[in-house]
Amino acid sequence: MENEKRVNKPCTIDVEAIAAASGKKVPKFVLRWIKKFIHQDFLNAYFEKGDVGVDFAWGALKALNVKVEVRGEENMPKDGRLCTFAGNHPLGGIDALSALGTLLNNYDEKVRYVANGFLANLSQLAEYMSAPVDKTSEHQAKELLKDIDDMFRSDNQMMWFPAGQCSRKYHGVIQDSEWQKTFITKSRQTGRDIVPMWISGRNSWRFYFIDKWIDRVFKTNFAMYCLPDELYRGQNQTITIVFGKPIPISHFSPKEMKDKEWAQWVRSEVYKLKPADL
């Protein structure tokens with residue numbers, strides 16, 4: 001489908017401009033290494049096409065030769081109900097594009113999600129997402145909370161990755177960290193049923209090594225900066241998305257469990273959706 005919507009200045013990556021803006025002098029050989037590591041030219045070659053919205057999501061997957069297989073599509077409400085689609089976040093880029101593209105196709109692009117990490121900087125998807133939050137800024141934190149509240153009170157479906165970051169290796173298993181409770185609380189306030197959503201995929205062993213031995217030892221977040229490279233490495237794969245049956249919001253009684261506990265319960269239900277053949 002030919003995209004009729006274009007952005008005047010497509011989001012591109014310019015390592016030299018970022019370095020210059022920081023005010024720090026970075027050796028040219030370091031800049032060249034960073035460009036190569038994040039695959040600046042490869043990513044910009046697609047970004048500069050100018051696709052936006054749903055066309056950008058599917059176009060990026062096509063450029064990466066990623067196929068999406070959907071199971072349990074009959075569990076996606078077609079009766080006008082507004083839901084929160086809550087899923088695991090195994091990859092940090094390809095998984096989000098696959099899920100977002102699938103939901104946008106099924107709901108006439110009436111989908112919103114809270115962005116963070118790599119996707120938060122893609123202006124091509126800005127119409128669907130909230131602004132990323134700067135946790136050091138009280139003003140921005142308040143703005144994000146207002147954005148989230150407005151999204152849940154809108155007539156759009158909500159897509160949510162409650163872990164807030166892509167999966168890591170915990171106790172020898174690649175899985176999400178503890179889920180945050182916001183999607184439970186806001187869904188109850190706005191009467192949204194919750195649709196569990198399991199997504200396949202894993203990053204490279206290098207990513208998990210960096211997360212465990214570099215980030216945790218030196219208190220950095222270098223693993224996050226590896227995500228563009230993980231996106232590049234994720235070419236030529238099939239992402240499987242499994243939708244479970246909608247869970248009525250009335251099921252999440254605050255008298256039975258706290259919202260934080262309900263969030264972990266939904267997390268466990270999501271992982272139960274993993275097919276035996278994957």
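In which strand is the place of T240? T240 sits in strand β8. Strands here are DSSP runs of E with at least two residues, helices are runs of H or I with at least four, and both are numbered from the N terminus. The model is predicted: local features need pLDDT of at least 70, side-chain atom pairs count only at pLDDT 80 or more, and totals for chains, interfaces and linings use all residues. Residues are numbered from 1 along each chain as its sequence is written, and side-chain values use heavy atoms, with hydrogens and water left out.

Start with the sheet. It is open and mixed, with 6 strands in the order β1-β8-β7-β2-β4-β3. Pairing requires at least two DSSP bridges between two strands. β1 (67-71) and β3 (111-113) are the edge strands, each pairing on one side only. Neighbouring strands are turned by 25° against each other on average, direction ignored. Axes are lines fitted to C-alpha atoms, for helices over the stretch in contact, and angles run from 0 to 180 degrees between N-to-C directions.

Now look at β8, residues 238-243. It pairs with β1 in the parallel sense over 5 bridges. I239 of β8 is the bridge partner of V68.

Back to T240. Its relative accessible area is 2%, so T240 is buried (under 20%; exposed is over 50%, partly exposed in between; 1.4 Å probe, protein chains only). Its side chain makes a polar contact of 3.1 Å with that of E69. Such a contact is a pair of N or O atoms within 3.5 Å; within protein, one must be able to donate a hydrogen and the other to accept it, and residues adjacent in sequence count only if both atoms are side-chain atoms. Leaving out residues up to four places away in sequence, T240 touches E69, R71, W198, I199, S200 and L278 (heavy atoms within 4.5 Å).
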